[in-house]
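Subject: The structure we talked about

Hi,

Here is the structure I promised to pass on, with some notes on what turned up in it. Please have it open while you read.

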Amino acid sequence: MPDLLLELFSEEIPARMQRRAAEDLKSLVTNALVEAGVTYEGAKAFSTPRRLALHIAGLTAGSKPTREERKGPRVGSPEKALEGFLRGAGLASIDEAQVVSDPKKGDFYVAVIEKPGRSTPDIVAEVMPGIIRGFPWPKSMRWGSGQLRWVRPLHSIVATFGPETEEPEVVPFEIDGIVSSNTTRGHRFMAPDAFEVRRLEDYADKLEKAKVVLDADRRKDIIVNDARNRAMALGLELVEDEGLLEEVAGLVEWPVVLVGSFDEAFLELPDEVIRLTIRANQKCFVMRDPATGRLSNRFVAVSNIVASDGGATIIAGNEKVIRARLSDARFFWETDLKAPLESRLPKLDSVVFHEKLGTQGARVNRLEALAREIAPLVGADVEKAARAARLAKADLPTQMVYEFPELQGQMGRTYAELQGEDASVARAIEEHYKPQGPSDAVPTDPVAVAVALADKLDLLTGFWAIDEKPTGSKDPFALRRAALGVIRIVLENGLRLRLSDLLASANAAMAEAGGELGRDLLSFFADRLKVHLREQGARHDLIDAVFALEGQDDLLMVVRRVEALGAFLATEDGANLLAGTKRGANILRAEEKKDGAAISGAPHADHLAEPAEIALAAAIDTARAEIRDALSREDFAGAMTALAGLRAPVDKFFDDILVNAEDADLRLNRLRLLAEIREATREVADFSKIAG
């Protein structure tokens, strides 16, 4: 079956845009073909700094002819109805429609729409100009006198189509003076001449000979493997960086790994400062000495050419820039060390956190007060927690953090340690930002836990107070991440905290700052906890069943209750009791709807006539007492065991008893007995929320 090869050749495409653009090209072209009635077996997109390419395998030679009968309005319908029918069916006049008679509905119009089959090359030639003109680049430009917008000036288009056994044809189309062909170019410097290509295998092979590695993942493999080998030869380890690797692979078409060095005196700087300086300014990797765990004075650069001097000039240029940038970093470092962290706090009074929430200085005051309240609850030293909260943002005005904002917290910890702060205080300055993502570790030191909770709770209550809540997919202040961070810190540290109390404390601090208190923040936390537990494999209906109870704001206890409920329902007793309670709930629901009032009140003992209902009433009293006793001891497994005691009496009741008895008093009493079952199970969870 025929294959299609497309290439859009341009000036350098920004590395961050390449993968998305390749996938967009694949999606746009394949969707357009399928919509036109052409099927295919597989498609793969490629990107290099100067080209997007797409190969679609196993295409049908064309689309099949189609015939559609579209029913229209009745004969004699108003003019507007007829106009709409003609427009939708693509008819010039009503005379082109057929009149069909229906014995029941009368005469009505039918349009017979026949579309002839078309060749795939014709379809490609038709859709490609529109795809190119409307391509969804984040940023695009125009050049010369043309009207086409592209990420960078577009130079040529390859479009070939045909089966493996034949010479492929060029799919002819033109856009803004650029005519499709079977001609492309190789590496800008090492193989700039044009050459013809046929299909994917031929295209990729000729590009390789022209010093272009087409596949971005293969370029990444070449870089990382060569860099590891060069490091190993020096007795060092490559400090791997997936983000940098992806970027560098998008900067070169023919990766060549080179190794350079810098003055060992710069190793006095913190490792992360060195790494970020070299990464940000030169897109280079660093190496680590496995004997010490510290960085070495070697770095890895990736060139886009095979230089005649073996890369000596390229390395010398990188070394010169890195030396200058590390000199700047050392100046920032030495300048920062001259002033203790606490001396920088007044500067935070002029740094705006948010126009409606005041300055960073005001926020630090709230964090300090909140950390004092949280510290005893998490086993932290109150004064250390307050000290850590006070210094938590003090590194923001430092020159090093100004240069590298991603070092906030980390530089604060480093400076705090050097100026003799307590180890827990220094650690909390760094870790109070954690966790910053699902794979990030949570703080475990009590002081860090107290400050991390204070930071996130202040953030949440603050933005709730000014009604800047997440909406849909938009969450510009990362409030979902903050709430999930609170949840993970509490659960992974096994903390017993009432979330409502924490929010009340944070709200009190915010109220003193002039904000209005948010009222639905607890519900937001409940939703985040549901998401978190579902990701851990918990059933969503069990989470809903537990959250339906009043006062469920001890996150650790909610989780344990859900786990115990899940284990109980997995047993035969649990499954059967659930079925029985749902049967009873359905009867109650029907009667309550009929009477317009909820069934309430305890059943009268003198109206219990049959052994099964007498036994059930006794079992409910026993189970309820045992459940409450177990819950008071936070013995959720014990509560489930007590609940299991209801299974047999409930089954017997439904086997032997007619609930809707003719005697009104007897009927009401039995309905009250069903209501007692409902209330007894609600001690544990709302069984009406449970599927099954």
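Pro435 is found in the loop between helix H14 (423-431) and H15, where helices (H or I, at least four residues) and strands (E, at least two) are DSSP runs, numbered from the N terminus. The peptide bond that leads from Lys434 to Pro435 is cis, and its omega is near -10°.

A word on the ground rules: this is a predicted model, in which local features need pLDDT of at least 70 and side-chain atom pairs count only at pLDDT 80 or more, while totals for chains, interfaces and linings use all residues. Residues are numbered from 1 along each chain as its sequence is written, and side-chain values use heavy atoms, with hydrogens and water left out.

Lys283, in the loop between helix H7 (271-282) and strand E15 (285-288), has a positive phi of about 55° although it is not a glycine. Lys283 is partly exposed, at a relative accessible area of 30%; buried means under 20% relative accessible area, exposed over 50%, and partly exposed in between (1.4 Å probe, protein chains only). Asp467, in the loop between H15 and H16, also has a positive phi, near 60°, and is a residue other than glycine. With a relative accessible area of 55%, Asp467 is exposed.

Next, the helix H15 itself. Pro446 belongs to helix H15 and is partly exposed, with a relative accessible area of 30%. Leaving out residues up to four places away in sequence, Pro446 touches Val378, Gly379 and Ala380; contact here means heavy atoms within 4.5 Å. Between Pro446 and Ala385 there are 61 residues in sequence and 8.4 Å in space, C-alpha to C-alpha.

Which parts of the chain does the pair of Trp464 and Phe524 link? Trp464 is in helix H15 (residues 446-465) and Phe524 in helix H18 (residues 521-535), so the pair links distant parts of the chain, 60 residues apart. The structure holds 9 aromatic pairs, a pair being rings of Phe, Tyr and Trp (its six-membered ring) whose centres lie within 6.5 Å, with planes under 30 degrees apart counted as stacked, over 60 as edge-to-face and the rest as tilted. The rings of Trp464 and Phe524 have centres 4.7 Å apart and planes at 50°, so this pair is tilted. Both residues are buried: Trp464 has a relative accessible area of 5%, and Phe524 has one of 12%. Elsewhere, Phe135, Trp137 and Trp150 form one aromatic cluster.

Rings also meet charges. Lys71 lies over the face of Phe108, at 4.5 Å from the ring centre, and the charged end of Arg363 sits over the ring of Phe353, 4.7 Å from its centre. The rule is that NZ of Lys or CZ of Arg is within 6 Å of the ring centre and within 35 degrees of the ring normal.

How do helices H16 and H20 pack, and at what angle? Helix H16 (residues 479-492) and helix H20 (residues 555-569) pack at an angle of about 70°, and their axes are 9 Å apart. That makes H16 roughly perpendicular to H20. Angles under 35 degrees count as roughly parallel, over 145 as roughly antiparallel, 65 to 115 as roughly perpendicular and the rest as oblique. Axes are lines fitted to C-alpha atoms, for helices over the stretch in contact, and angles run from 0 to 180 degrees between N-to-C directions. On the H16 side, Ile487, Val490 and Leu491 meet Leu555, Leu556 and Val559 of H20. The residues of this contact divide into 6 nonpolar, no polar and no charged, where Ala, Val, Leu, Ile, Met, Phe, Trp, Tyr, Cys and Pro count as nonpolar, Asp, Glu, Lys and Arg as charged, and the others, Gly among them, as polar.

Glu613 sits in helix H22 (residues 611-632) and counts as buried, at 0% relative accessibility. Apart from neighbours within four places in sequence, Glu613 is in contact with His607, Leu608, Phe653, Ile657, Leu666, Arg670 and Leu673. Glu613 and Asp656 are 43 residues apart in sequence and 8.7 Å apart in space, C-alpha to C-alpha. In helix H24 (residues 647-656), the residues Arg647, Pro649, Val650, Phe653 and Phe654 are buried. The buried residues of H24 pack against helix H21 (572-595), H22, helix H23 (636-644) and helix H25 (664-681).

Best wishes
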